[in-house]
Each structure stands twice: as structure tokens, then as C-alpha cells.
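Let's take a friendly walk through this structure together. Have the sequence and the 3D view at hand as you read.

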Amino acid sequence: MAPATRPEIQQPSPAPTPAITGPHPSYIQVAKPYLFQQQLQEQLAALGANPSRENTFRLQGVQWINDVRIALQLPIRTFCTACVYYHKFRLNHKDSEYNFQDAAAASLLTACKIEDTLKKSREILCAAHNLRVGATEHLSPDDPTFEQASKSVIGLERLMLEASGFDFRVRFPQKHLIKLIKEAKIDKDIGIVAYSIMLDLYRTFAPLKQSCAAMSFACVELATLLQEKQQENIRGKGAPRYRKWRTTRPQIMETILDLLEHYTHFQKSSTVGPSYPIDKFISTRIQVNQEIDDKHRYTENHEPPKMNGNKLNIKTPKTPITPASPSDMRTNGKDAASPATLSPRSAGSGRKGLGGRGTDGTVRFMLDAEKAKQEKETVAEYFKVEMEEYEVEVEEPIKQDRVDRRPPQDPRNGRDDRFQYKRIRR
């Protein structure tokens, strides 16, 4: 008798190994030294910023930077750099994610390092504290009171650099302003007013939009309009030419209107505003508006395409319930937190990358837009997915109709005739 053989067990075929696609190509963020007004409005709308809260935090932050800068005797270059970084940071982060004093301190700390006017975070916080209290309550930078606040400011410093794209190129229009005053032969009193207007210009978004020449022309021209003299020196036949200074008239007009809007709505939150009556700014604004009746208010303003009368790709900001509590901070009608009590996000918090970009790959910052474009085109060739479509004819047998072999259904629903329900009379 032959020995019994064990049946062979069929081993399952191994699953095909997926093709190796290589590392993630990473994300490239190109620094933007200039922004248009339309881009600023789109970024603020994407954040759901409330206009009243945005203006309040912007003005309070710049005023905080200016006060601390004067207390620490820092140069005007540091003030300009800090304001630019503060504006860029607020365009990338919601007001509910940080305290504006911490953001202003972080921007001033970053500016001190960039401009080589080194100050520690404790020294900045100590100077801000001593400005609020009397001389008897002054503290030293080594006081343990500033320990937690110093860590928050240092944590925000990294976000400051990321928001600016690690772009350390900052414009300083004060040099251009002095050269323009000398070339146009402007009097000293008008030059002092123009220099003060230049400081107020950093309370707006104009430094992010305009060049040094455009800001200098705007400040000098507005100073001549307020003083009502030497207007022909800046706009007459012998005035400096715009082509030589690489600027245009629409850019200058946009900057002047930005300043006049600031002086009209926030007269007390400025340096030059309290020195003149409000009627002076209103009349000057009317005079300037007459020149741009047939022109656009902002340069390079393009309307989005329309479809059936509706604009496409328009992000509308969230409407806050009250100016003090935005809708995104309210849960079931109750305030979850306020900006004054929130701490800034650090590297170990739940924040992933920069707006969802750094979740899968690395975010790289570049300054040259052409080089970034060439690199993207080169890398895209290795990650291109080629697909081929083809048709295959398959013969399928036609299924026959199923024959119902069940007996016909009894209209009595299965009841037997032997059992009848009879009505019994009692």
C-alpha cells in the first residue's frame, strides 16, 4: 500500500511592491518685496479679519514699537524694519492666535538682530513695562516677571521670519527723502513735516506697496499741501522728474491718499495729525481726489472675472458678532478666548507647517523667483504621471430572463375556507 501523501498547500502570491516615487519635492515660497492693495485685501479676507479690529491692532502695535524704540534709543532703521515685519506677520496669522504686544515685541527683536542693534527680549519687555508704570515700580531686565513673556516672544520670532519669507531686504526711504528735499530746494520747516509724515506712513500698509521714491515724493507733496507753500518746487517745471527717480504719478497719488485716509479716520493716532484741524485734511483729500476722478484709486487693480453677474474666487470675511469677539472665537454663543489671554503658537503646538504646506514636505524659502520657477519645472519632470487610455472589447453572455415558477398568489392571503370569522349575536 502506498504511503499517504500530504496535500500541498498553495501559498498566496506576494502582493506587487509599489513603485518607489522618491522623496517629496518640497514646497518653495518666494519672497515678495512688494504687494498690491488687491493682494493685501485678499489676504485679510482669507484670514476673516474684522476691519475695525484690524485697524485697532495695527495702530496699537506700531505705536507700541515706536514708544519702546524711543525708550531704548534705537535708530529709525530699526523702527522701519520692525513695522514691516509686524505688518507681514499680521497678514499671515489671525488676530486670535497671538497677543499684539507679543507680536510687536517679536518684530522689534527681529529688527534689532537684522539691523545690528542688538537688544535682548527681556530688555524690550522691560522697557515696555517701565513705560506703563511709575518710576517707583520700574523693574530690571533680569526680573523673573519677564520669564514667560520672553519665551513667547522668542517663539514668535520664528514665525516672523517665516511670514517674511526670510527676506531681510528692507527699504529705508529716509535717505531718499533727504536727497529729494535738497534737490527740490524745500525749506527746513516743510522738510521736518515731511519727515514726520514719513514716520506716520509706517502706520499704514504703504511701505509694503511702494518704493522709496514714491513714498518720498508723497510725503514732500503732502507737506507742501498742508503748509500751503512751495508746491511748485515738487510739481512745477523745475521739479525733480519722476522718470529719474523711477516712480510714477499713480503710485504717488495712491500713497498720498493712504496718508489722508489715515489722518482723516485716525487723526489722534499719528504724529502730524494733532497739529492740524480735521477740516484741513478733508479739504486736502477733496483736492487730491479731483485729480484721480478718471483714474483708478489703486495701481494694478484688476477686477476678477464674472459669471452670470457674480464674481468668481471671492473670499468673503467672516462677520463678527461683536467687535470685541469674532465669530471664530465663539462656541455656542460664548467666548472661548480673547486675543489678550491667548499665548502664541510655538514649534511644539498643534500647528502643522505653514498653512498646511509643511504637512508632507519641507518648505523652502527663496528670493529669486526665476530660479524657483526653473527648479519647479525641472523637478516636475520626475514626478510627472503618464497615463495611457485604451479600449478592450469583452464578450459577455446575455443572461436569460428568470422564469417565475411560484404558484399564483391566493387573493385570500392564505386563509382556509374552513375557518370563517362569524359574528355572534349575544
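What follows looks at a helix pair, then at aromatic rings, and finally at one serine. Please keep in mind that this is a predicted model.

Let's begin with the helix pair. Two packed helices are described by the angle between their axes and the distance between the axes. Here, helix α12 spans residues 249–265 and helix α13 spans residues 278–289; their axes come within 9 Å and cross at roughly 150°. Angles over 145 degrees count as roughly antiparallel, so α12 is roughly antiparallel to α13. The handedness of the crossing between α12 and α13 is left-handed.

Zoom in on the side chains and you can follow the contact residue by residue. Across the contact of α12 with α13, nine residues are nonpolar, four are polar and two are charged.

Now turn to the aromatic rings: the whole structure holds eight aromatic pairs. In one of them, the ring centres of Phe-57 and Phe-100 are 5.7 Å apart and the planes lie at 20°, so this pair is stacked. Phe-57 sits in helix α2 (residues 51–71) and Phe-100 in helix α4 (residues 100–114), so the pair links distant parts of the chain, 43 residues apart. Phe-57 and Phe-100 are both buried. Elsewhere, ring pairs join Phe-217, Tyr-242 and Trp-245 into a cluster.

Our last stop is Ser-121, in helix α5 (residues 121–132). With a relative accessible area of 9%, Ser-121 is buried. Leaving aside residues up to four places away in sequence, Ser-121 touches Leu-109, Ser-150, Val-153 and Ile-154.

Methods. Residues numbered from 1 in each chain as written. Predicted model: local features only at pLDDT ≥ 70, side-chain atom pairs only at ≥ 80, totals over all residues. Heavy atoms only, no water. Axes fitted to C-alpha atoms, helices over the stretch in contact; angles between N-to-C directions. Helix = DSSP H or I, 4+ residues; strand = E, 2+ residues; numbered from the N terminus. Parallel < 35°, antiparallel > 145°, perpendicular 65-115°, else oblique. Left-handed = near helix turned anticlockwise from the far one by under 90°. Nonpolar A, V, L, I, M, F, W, Y, C, P; charged D, E, K, R; others polar. Buried < 20%, exposed > 50% of the residue type's maximum accessible area, 1.4 Å probe, protein only. Contact = heavy atoms within 4.5 Å. Phe/Tyr/Trp six-rings, centres within 6.5 Å; stacked < 30°, edge-to-face > 60°.
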